[in-house]
Amino acid sequence: MTVRVDLNISLDGFATTTDQTPENPFGEDWSRLVHTYVSTRTFRERVLHDTSGTGTTGINDDYAQAYFAELGAEIMGAGMFGLHDHQDDPDWRGWWGKEPPFRVPVFVLTHTPRPTIEFDNGTTFTFIDAAPEEALATAIAAAGGRDVRVGGGPTTVKQFLRAGLVDQLHVAIVPILLGRGIRLWDDLRGLESGYTISSEAAESGVIHLTLRR
Ligand SMILES: NC(=O)c1ccc[n+]([C@@H]2O[C@H](COP(=O)([O-])OP(=O)(O)OC[C@H]3O[C@@H](n4cnc5c(N)ncnc54)[C@H](OP(=O)(O)O)[C@@H]3O)[C@@H](O)[C@H]2O)c1
C-alpha cells in the first residue's frame, strides 16, 4: 500500500490557475497546465469516456495509466471537489458527470460536511472534517490493501506532505510559467530528504519528477 500524490505543476511550481471567468470557468491557463495529461489516450478513455482510441501514447500516457492503477481510495480537498464554487448548491455532485473516473471511495476534506454521494461505477464521495492522519486512516481502511492517492488540490496535498504521510510524490512539471496561484513547494524546505528522486523527460517537454521513499 502506497500513499501517492500525482499533480501537474507549472515550471514556477503552481498547481492551480487564477484566470477563471464566468464565461470560461476553467480559464485558459488550466488547459495550458493539463494539456499533455488531458491529451493522453488513458485520460481520454477514463475521464472523457472517449473509446475511439485517439490520444497520445508514450511517456505521458504511461504516467496517466499509473495515475489510475492500483488505486483503492482517494482523498481530496473541498476546493478540488468544487464545494467552494458551489457552496450554495446542495445537489452539487462534482465536476466529473455521471461516471467519475475514480471508481473507488473518495473522501472529501471539508469543514462543512454534507451527505455521501454514490455513483453506479463504484465512486462514492464522503465528506469528512478530519486531520490528515485521521483522514488517511479512514482511506486506508476503505482501500482494501490498495493505494491511497491524495488527489489535490495543493492546499490539501501540502498538509499531507508536511505531516510526512506521502510515500510517493509524482509531479508532471509542465514548461509554462503561470506567475500566480497556489504553489506546491512553499513551506516545504528539505522535503526531498528521505526520498529517492528520479526524473524522466517526455517528448512534449514535460518533466516527470518522482520522489519515492
Ligand atoms: N494541478 C493539478 O494536478 C491539480 C490536481 C487537483 C486539483 N487541482 C486544482 O486545485 C484547486 C483546488 O486546490 P486548493 O488548494 O484551492 O483547495 P483543496 O486543497 O482542493 O481544498 C482545500 C479546502 O479543503 C478543506 N480542507 C482541507 N484540509 C482539511 C482538513 N484537514 N479538515 C477539514 N477541511 C479541510 C478546506 O475547505 P473548507 O474549509 O471550505 O471546508 C480547504 O479550504 C482546483 O482549482 C483544482 O482544479 C490541481
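Visitor: Which residue has an N or O atom in its side chain 2.7 Å from an oxygen atom of the ligand?

Guide: The residue is Thr156, whose side chain places an N or O atom 2.7 Å from a ligand oxygen. A polar contact is a pair of N or O atoms within 3.5 Å; within protein, one must be able to donate a hydrogen and the other to accept it, and residues adjacent in sequence count only if both atoms are side-chain atoms. The protein buries 80% of the 940 Å² that the ligand exposes when taken alone; such areas come from the Shrake-Rupley method with a 1.4 Å probe, and for residues only the protein chains shown count as cover.

Visitor: What kind of model is this, and how are residues numbered?

Guide: It is a predicted model, in which local features need pLDDT of at least 70 and side-chain atom pairs count only at pLDDT 80 or more, while totals for chains, interfaces and linings use all residues. Residues are numbered from 1 along each chain as its sequence is written, and side-chain values use heavy atoms, with hydrogens and water left out.

Visitor: Which residues come nearest to the ligand?

Guide: A residue is near a molecule or strand if one of its heavy atoms lies within 4 Å of it. Of the 23 residues around the ligand, Asn8, His84, His111, Thr155 and Gln159 come nearest. Helix H6 (154–162) gives the largest share of this shell, four residues. Helices (H or I, at least four residues) and strands (E, at least two) are DSSP runs, numbered from the N terminus.

Visitor: Is Asp29 buried or exposed?

Guide: Buried means under 20% relative accessible area, exposed over 50%, and partly exposed in between (1.4 Å probe, protein chains only). Asp29 counts as buried because its relative accessibility is 13%, whereas Arg32, at 37%, counts as partly exposed.

Visitor: Which elements do the buried residues of H1 pack against?

Guide: Contact means heavy atoms within 4.5 Å. The buried residues of H1, among them Leu33 and Val34, pack against strand E1 (3–10), helix H2 (41–46), helix H3 (59–68) and strand E7 (168–174).
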